[in-house]
Amino acid sequence: MTQDNNTGDQPPPEPPKRGSMRFQDSNTRPKEPSLAEQRARQQALVQEERDEELARQADAKAATRRKILIGSGVTVGLVGLVATFYTVAKPTEVTAVCTDSNGVVQNDDNCDENYVTSHGGYHSGGFLFLPIPGGGYNSYRYNYGGQGVVGQRVSGGTYDAPSSRSNVNTKSGKSVQRGGFGISGKSGGTGGSGKSGGS
């Protein structure tokens with residue numbers, strides 16, 4: 001019966017490696033790469049150049065896109081600034097329509113302060129009052145921005161006087177004085193002999 005000397009605590013020793021080299025002689029020439037290795041190296045170089053070119057193109061596109069976005073933002077900003085300037089600087093054109101107390105469109109003379117006062121009427125609180133034959137008064141005032149013809153109810157608009165930056169004219173081209181009633185004596189002008197009243 002043979003006795004096993006291996007106790008199981010340690011693995012058996014490895015046999016010494018043969019043919020290993022600890023240094024290389026300076027006269028030794030490196031082995032020439034095979035054709036497959038040469039092709040693989042060339043393909044790797046070509047692929048690397050291709051990747052670099054694609055990266056350059058992507059950077060150029062990104063830079064162009066940034067310039068376009070910046071340019072667009074500047075353009076939009078300038079357009080907004082110019083539009084705001086024109087909105088603030090340029091007076092708004094508003095058409096005034098003379099209406100009676102029922103909102104029916106009347107002749108512009110009924111809202112002309114000079115005409116009303118010369119016919120025995122008066123103005124108060126943004127309204128003009130013309131006497132009615134037989135006693136009493138009819139009241140008239142301007143509707144701003146509304147539409148309609150004499151005898152019809154006005155459509156749209158407001159009875160609030162527009163801002164002082166607005167040019168207010170009647171359909172006949174007469175300029176309405178600031179304050180909500182009265183028409184100047186000149187067509188298309190802003191002056192006039194009538195007083196300006198408050199609305």
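Glu48 sits in helix H1, which covers residues 35-89. Helices here are DSSP runs (H or I) of at least four residues and strands are E runs of at least two, both numbered from the N terminus. The model is a predicted one, so to speak of a local feature takes a pLDDT of at least 70, and side-chain atom pairs count only at pLDDT 80 or more, while totals for chains, interfaces and linings use all residues. Residues are numbered from 1 along each chain as its sequence is written, and side-chain values use heavy atoms, with hydrogens and water left out.

Overall, the chain has two helices and seven strands, and from the N terminus on the order of elements is α-β-α-β-β-β-β-β-β. Of the 199 residues, 22% are buried (under 20% relative accessible area, with exposed meaning over 50% and partly exposed in between; 1.4 Å probe, protein chains only).

Glu48 counts as partly exposed because its relative accessibility is 46%.

Side chains of opposite charge can pair when their charged atoms come close. Two salt bridges turn up in the whole structure (a side-chain nitrogen of Lys or Arg within 4 Å of a carboxyl oxygen of Asp or Glu). One of them joins Glu53 to Arg56, at 2.7 Å from N to O. Both partners belong to helix H1 and are three residues apart, about one turn of the helix. Glu53 is partly exposed at 34% relative accessibility, and Arg56 is partly exposed too, at 49%.

Asp109 and Lys174 also make a salt bridge, at 4.0 Å from N to O. This pair ties together distant parts of the chain, 65 residues apart: Asp109 is in the loop between strand E1 (93-100) and helix H2 (113-118), and Lys174 is in strand E6 (residues 174-176). With 25% relative accessibility, Asp109 is partly exposed, and Lys174 is partly exposed at 27%.
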